[in-house]
Amino acid sequence: MSDAVSYLVFETPSGHCAIAWNAAGVMRFQLPGQDADTTRRLLLRRLPAAEPAEPPPAIAEAVSAIGRYFAGEAVDFTGVPVDLSGQSPFIKAIYDAVRQVRWGETITYGALARQLGAGPEAARDVGQAMAKNPVALIIPCHRVLAAGGKIGGFSAPGGASSKLKMLALEGISFAPPEPAQQSFGF
């Protein structure tokens with residue numbers, strides 16, 4: 001029964017999330033959605049055979065950490081076990097590298113490709129891997145930006161605005177800087 005997939009929908013300060021796991025680790029994470037039913041539906045669209053269950057200790061700790069993250073606490077998800085079976089070695093290497101990008105830090109698609117020893121053309125591969133990330137937040141794809149530090153895309157519910165909110169939780173702002181000098185009033 002080791003290939004059985006279980007899931008849990010749970011509430012965080014940012015809304016309802018869902019997590020699915022098997023014996024190897026987290027297989028899918030659904031970022032906060034409109035409501036519990038929508039979040040469940042989005043998760044089950046990818047894992048239709050998943051059954052609701054109480055999480056084992058490692059998954060329960062991940063759920064707790066996710067709640068703390070959305071409450072604004074700096075959380076490190078590198079210890080959360082993930083199941084990336086079916087991914088190519090290069091995609092796994094991308095995900096492993098992204099897991100090393102810490103709270104409040106960002107990296108660009110191109111810089112990540114270079115870090116992996118690939119040329120600039122691999123930046124597109126990095127972007128595609130981020131778009132298909134099955135465990136967003138645990139593999140912090142929201143911390144990977146487009147060239148020039150631009151926000152880039154985000155395939156999760158809410159798109160780029162969700163990415164901006166998550167980065168803002170971590171103290172990263174894309175708002176224009178406050179003017180250094182106030183108006184003289186004339």
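Does Val63 count as buried or exposed, and at what relative accessibility? At 14% relative accessibility, Val63 counts as buried, where buried means under 20% relative accessible area, exposed over 50%, and partly exposed in between, with a 1.4 Å probe and protein chains only.

The model is predicted, so that local features need pLDDT of at least 70 and side-chain atom pairs count only at pLDDT 80 or more, whereas totals for chains, interfaces and linings use all residues. Residues are numbered from 1 along each chain as its sequence is written, and side-chain values use heavy atoms, with hydrogens and water left out.The chain has six helices and six strands, helices (H or I, at least four residues) and strands (E, at least two) being DSSP runs numbered from the N terminus. From the N terminus on, these elements follow the order β-β-β-α-β-α-α-β-α-α-β-α. For 186 residues, a compact globule would have a radius of gyration near 16 Å, and the 18 Å of the chain agrees with this; the radius is taken over C-alpha atoms, and the globule rule is 2.2 Å times the number of residues to the power 0.38. Along the principal axes, the C-alpha atoms fill a box of roughly 75 × 40 × 25 Å. Of the 186 residues, 45% are buried, while the chain exposes about 9,800 Å², of which carbon and sulfur atoms supply 54%; accessible areas come from the Shrake-Rupley method with a 1.4 Å probe, and for residues only the protein chains shown count as cover. Among contacts (heavy atoms within 4.5 Å) between residues at least 6 apart in sequence, 56% join residues at least 24 apart.

Val63 is placed in helix H2, residues 57–70. Leaving aside neighbours within four places in sequence, Val63 is in contact with Leu8, Phe10 and Ile19. Val63 and Ile19 are separated by 44 residues in sequence, yet their C-alpha atoms are 7.8 Å apart in space. Ile19 is also one of the contacts of Ser6, which, with neighbours within four places again set aside, touches Ala20, Trp21, Glu51 and Ala53 as well. Ser6 is found in strand E1 and, at 16% relative accessibility, counts as buried.

In helix H1, which comprises residues 36–46, the residues Thr38, Thr39 and Leu43 are buried. These residues lie on the same side of H1, because they cover an arc of only 130 degrees around the axis, the arc being that of the directions from the helix axis to the C-beta atoms. An α-helix has 3.6 residues a turn, so residues three or four places apart point the same way. The cover over the buried residues of H1 includes strand E1 (6–12), strand E2 (15–22) and strand E3 (25–33). On the face turned away from the buried side of H1, Asp37 and Arg45 are exposed. At the start of H1, a side-chain oxygen of Asp35 comes to within 3.1 Å of the backbone nitrogen of Asp37.

The structure holds zero disulfides, a disulfide being a pair of cysteine sulfur atoms within 2.5 Å. The sulfur of Cys17 has its closest cysteine sulfur in Cys141, at 13 Å, which is too far for a bond.

Definitions and conventions. A polar contact is a pair of N or O atoms within 3.5 Å; within protein, one must be able to donate a hydrogen and the other to accept it, and residues adjacent in sequence count only if both atoms are side-chain atoms.
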